[in-house]
Amino acid sequence: MTNEEFRMFCQRMQLSSPAIKVIEKIRTSEPSRKTKSTGKNIAGFYSSKKMGVTIQFESHTLELPSIYQKEHDKDVLEYYDQPPSFPIRYQSNGSNRGHLYTPDFFVISESFIGWEEWKTEEELIKLSVKSNRYYRGEDGTWYCPPAQAYAEEFGLNFRVRSSNEIDWIFQNNLRFLEDYLLEDAPTINESAYKCIFSLVADHPGITLAELIEKQDGYSSDDIYKMIAQNHLYVDLNKSVFRDMDKVRFYTNEQTAKAYAYLYESTNHEKGIQPENVTISPGSKIQWDGRAYTIINVGEHNIAILGENNELIELPLESWKYLMKEGKITGLSQKGKFEEIGKFLSAASEEDLKEANRRFLIIQPVIEGMNQKCQNISERTVRHYLSKYRRAESLYGNGYVGLLPSHKSKGDRRSRLPTETHEKMSWFITNHYENIKQEGASSVWRKLVEECQREGLVWPSFKTFTLQINKRSTHEQELKRKGKKAAYDSEPRYLELELRTPKHGQMPFEICHIDHTQLDIELVCSRTKRNLGRPWVTFLVDAFCRRLYAVHLSFEDPSSRSCMMVFRECVRLHSRLPKWVVVDGGREFGSTYFETLLAMNKIHKKERTGKPKYGSVIERLFGTANTTFVQNLLGNTQIMKNVRQVTPEVNPRNQAVWTFGKFLELLRTWAYQVYDTIDHPTLGESPRDAYVRGLAESGNREFTYVPYSETFRMMTMPSTKKGTAKLDPGRGLKINGLYYWSELLKNPEIENKQVPVRFDPYNMGDAFAYIKKQWVRIHSQYFSDFNNRTLREIQVATEELKRRMKIHGQETTITAVKLARFLRSAEAQELLLLQRLRDSEMKETFTVLEGGRQYIETDSKERLKTENDAQMSLIVDNTKQKNDISNSNKNPIPKFEIYEEL
C-alpha cells in the first residue's frame with residue numbers, strides 16, 4: 001500500500017493513533033533479526049511479488065507454507081517477517097518470567113491486523129505443559145495470553161497458528177500453479193480455450209492425464225492458464241497435480257459438487273464402504289454373506305480362512321476387483337479376533353508356511369473324511385489336532401494353534417554379579433565413550449585392574465565387547481568422534497504425512513548450487529606451466545537431475561562464481577530456477593548474490609548443518625570425479641597416498657589438459673554424456689525426465705529470461721555497499737581504483753552515491769547507473785588495468801603492502817603506486833602464474849564483439865535432439881502436430897561455434 005492507501009485503510013478500520021504508530025514503525029523497519037539454519041531447520045527467503053521485498057522464513061515446513069498462504073490470499077494486503085520485538089510477562093513453574101518476544105509475522109488484512117506466531121503442534125503441547133505462555137482453548141485454537149495482552153493495548157490482535165492448520169495438498173497445488181497465478185495477464189488462445197472447455201463440458205470429471213494425452217489444438221500451458229483464471233474448476237484441496245490421473249476437471253464448482261453428491265449417493269445405495277476393509281493379517285472381512293479372516297498378505301496372493309476352516313487363496317487382482325464392486329466389505333474387529341490378529345502379525349513367512357502345511361494334514365480329519373496323508377504318523381496328526389482344538393476353544397479359531405512356537409533354549413541370563421555389570425557400564429560410559437577414543441582392549445584392562453583391586457569378578461573381553469555393541473552406535477560415535485562423524489549413523493527421519501516434494505514437482509522448480517575442487521591438474525596452453533587444480537560450480541535440477549550450467553574457474557568459490565553459473569544457465573536455457581538450495585558458504589549470503597536472486601524473483605533455502613540435505617549435488621560431484629575426471633591424465637587420485645608418489649607419477653608432471661580444452665570436454669560430459677545416461681533414481685536419463693516434466697507441467701514461456709545486456713549487467717558484482725561516491729574531480733572509486741566518464745559531469749550526482757558494477761575479468765572498465773541507464777566508465781590508468789582481473793590486482797596489492805611494510809613506509813595503496821608496481825619487472829614475475837590462469841579463463845569466457853557467444857561444437861545437435869524429443873512426447877496421439885510445434889518453440893538461443901584462439 002502507498003502512504004495514502006494506508007491512511008485510508010486506517011480510517012476505514014477505525015484504528016487508534018497508538019496502533020497507527022506501531023504499524024508505521026513495523027512498515028518502515030528492517031526485520032529485527034536474520035533467520036539462520038541449524039541442524040534441525042532449513043531457513044531461507046521468499047522473493048515476494050506482493051511485498052516487493054524478500055520475506056525470511058526459519059522453517060521450510062512451517063513458516064514457508066504460511067508465506068504462500070499470505071502471498072496468494074487476496075484478503076492479506078501486507079505482511080512483514082520478524083517485526084520489532086516487544087516485552088511479554090508470564091509465569092513458568094511458579095515464578096514470574098519476562099523477556100523480549102519476536103513473532104514470525106505482522107499481518108495487515110481486511111479481517112485481521114496483528115502479530116502471528118507459527119509453531120508445530122508438538123512444540124505447542126510441550127510449551128503449554130512447562131508454562132502458561134500457551135494454552136489450547138475449548139475450540140481447539142491455541143492462544144498466547146502474554147502476547148495477546150500486549151496487542152490489546154493498541155487495539156490489535158495476536159494469533160498462534162499450528163502446523164495442523166497447513167493443508168499440504170493445497171500447498172502443493174499452489175506452488176505448482178504459482179507461475180500462472182502471479183502472471184498479470186497470461187493470454188489464452190481462443191481456439192485452445194474452446195477446445196479445452198468443450199472437452200471438459202462433454203466429459204465432466206475428465207482427468208488431467210486424459211487432457212494432456214488428448215492434446216489437439218492446445219498445450220498443457222493453456223490448461224493451467226484456464227485454472228488460474230477460473231475458467232475451469234479443480235478442487236485444489238483434494239488431489240495434487242503430480243497425481244495426474246486423480247485431478248478431475250469440471251466447468252464450474254456447482255457441477256463438481258453435483259457429481260460428488262451423485263457418486264456418494266450411488267455408493268451409499270450399494271453399501272460400498274471400502275475404507276472399512278483393513279488388508280492385514282487378522283482382519284475380518286465379509287464376502288458373499290460369509291465371514292473370513294485374512295491370514296496372509298503376499299506379493300501376488302491373499303490367503304483367507306473361512307468359518308469352517310476353509311483356506312482360500314485369492315490373486316491380488318481378483319481381490320481388488322471384488323473390493324471395487326463392493327462384494328468384499330470389512331467387519332469390526334472385536335473380542336477374540338484381536339488376539340488372532342496379534343498371533344498372525346507376529347508370525348514370519350516361514351511360520352505361516354508351516355501352519356498351512358499342518359492345516360492341509362489335518363483338514364481331511366476336520367471335514368470328517370477318512371483320507372490319510374502319506375508319510376505322516378497318526379501321532380503327529382493327533383498332536384496337530386489337539387493344538388488346533390485347544391486354539392479353537394480359546395480364540396474361536398483353531399488355525400492360530402498350528403503356528404510354530406519359538407521358545408528359547410537354556411538359561412541365557414548373565415552369571416556376572418550386579419556390581420560387575422554396574423562397574424562395566426561405568427567404564428564404558430566414562431572411559432570408552434569420550435573424545436580420547438580409547439580402544440576397547442585398553443578400557444577392558446583398566447576394568448580388570450579395578451575389579452581385582454576391589455575383589456570383584458571381572459568379565460571376559462568378549463563379554464565386555466558384547467556390552468559395548470549393545471549400546472547405540474550413533475550415541476557412541478557422537479561422544480567419541482563428534483556430530484559430523486556421527487551423522488551417517490543418525491536415525492533417519494521419515495516423513496509419513498504428505499508434504500511438498502523435497503525435489504519439486506517439475507523442472508526449474510528446485511535447483512542446487514555448490515562448488516568443488518576437481519581432482520585434476522591443468523597446464524597453461526602457451527608455456528605448459530602447471531596452473532593447479534580448478535574449481536567447478538554446478539547448477540543441477542533436483543527434479544530431473546539435469547545439469548543446467550557448469551562454471552569452471554581457478555578462483556576460490558565466491559559470489560562471482562554463483563553469478564557466472566546463473567549467466568550460463570540463462571544463456572543455454574533462457575530460464576532461471578524458482579528455488580535455489582545452497583549451503584552455509586559466505587558467497588551464498590553475499591549482497592551481490594542475494595540481490596540477483598531478489599531481482600529475478602528467485603527464492604533461497606539454506607541447508608546449513610545437514611550435509612545430506614544437499615545429497616543431489618554432492619553425489620553429482622562424486623559422479624563427475626569417478627566417471628570423468630579420474631579417467632584423464634593428470635588426475636590426483638594417487639595423491640591420497642602422498643608418501644608413495646614419485647616424480648614419474650606425480651600428477652603435476654603428468655598434466656596435459658589446458659583450461660580451454662578441459663572446459664570444452666567438461667561441458668561435453670555434462671551436457672551430452674551425463675545428460676543422456678539413465679539415472680538410477682529416476683529410471684530414465686535426466687534429459688528424458690526434463691522433457692517429460694515440461695510436457696506435463698507446461699513450458700511456461702512467460703517465465704523466460706532473455707540473455708540481454710541488462711541481464712549480463714545484473715550478473716556483474718558490485719561494491720560492498722552496491723554504490724560508490726562520485727568525487728567531481730577524480731570520479732567513482734571502485735575497489736581502490738578511480739573510474740571516469742564524460743557522463744559523470746552532472747551536478748545532480750556530485751558527492752552522491754551512485755550504483756556501480758564491475759567486470760571481474762576486466763578491471764579496466766566498470767559501469768555506473770546514471771540517468772536510468774548503465775553506462776561504461778574507464779579506469780584512471782586504463783592502459784595498465786585494461787584486461788587485468790580483480791584477482792591479479794589483489795595479488796599485486798598484497799605484495800606491495802608487504803614490501804612497503806618491510807621498508808617502514810606508509811601502507812596506504814594509491815592507484816598511482818599500484819600502476820607503477822604493475823609495470824615493474826618484479827611485478828611481472830610475481831604475477832606470472834596468476835596472469836596465466838586468468839588468461840586461460842578470459843580466452844574461454846570472452847564475449848566477442850556484437851554480443852556473439854560460443855558453446856561447444858555439437859551444442860546445436862544437442863538442442864535439436866532435445867527439442868525433437870520434447871515435441872514427440874507432447875504431440876503423442878494427437879492429430880495437429882504443426883499447431884503444437886508453434887506453441888512449443890525452442891527457448892534456447894542459437895550460438896556460434898567457438899574456436900580456441
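Leaving aside its neighbours within four places in sequence, which residues is L156 in contact with? Before I answer, please keep in mind that what we are looking at is a predicted model. In this model, L156 is in contact with L15, A19, V22, I23, F106, I113, W115 and A151, once those sequence neighbours are set aside. One of these partners, W115, comes up again when we turn to the largest nonpolar core, which has 50 residues, and in which Y79, W115, L156 and F158 touch the most other members. Apart from that core lies another one, made up of 31 residues, and F45, C562, L596 and A689 are among them.

Let me move on to helix 22, which runs over residues 615-627 and so contains 13 residues by. From its first C-alpha to its last, helix 22 reaches 18 Å, close to the 18 Å expected at 1.5 Å a residue. Several residues of helix 22 are buried, namely S615, V616, I617, L620, F621, A624 and N625. If you ask what covers these buried residues, the list includes strand 18 (510-517), strand 21 (535-541), strand 22 (547-553) and helix 24 (659-673).

My last stop is C451, which lies in helix 17, residues 440-454. Is C451 buried or exposed? C451 is buried, because its relative accessible area is 0%, and buried means under 20%. Not counting residues up to four places away in sequence, C451 touches K423, L456, V457 and W458. As for E419, this residue is 32 residues apart from C451 along the chain, and the C-alpha atoms of the two are separated by 9.7 Å.

Note on methods: Residues are numbered from 1 along each chain as its sequence is written. This is a predicted model: local features need pLDDT of at least 70, side-chain atom pairs count only at pLDDT 80 or more; totals for chains, interfaces and linings use all residues. Side-chain values use heavy atoms; hydrogens and water are left out. Helices (H or I, at least four residues) and strands (E, at least two) are DSSP runs, numbered from the N terminus. Buried means under 20% relative accessible area, exposed over 50%, partly exposed in between (1.4 Å probe, protein chains only). Contact means heavy atoms within 4.5 Å. The expected span of a helix is 1.5 Å times one less than its number of residues. A nonpolar core is a set of buried Ala, Val, Leu, Ile, Met, Phe, Trp, Tyr and Cys residues joined through side-chain atoms within 4.5 Å.
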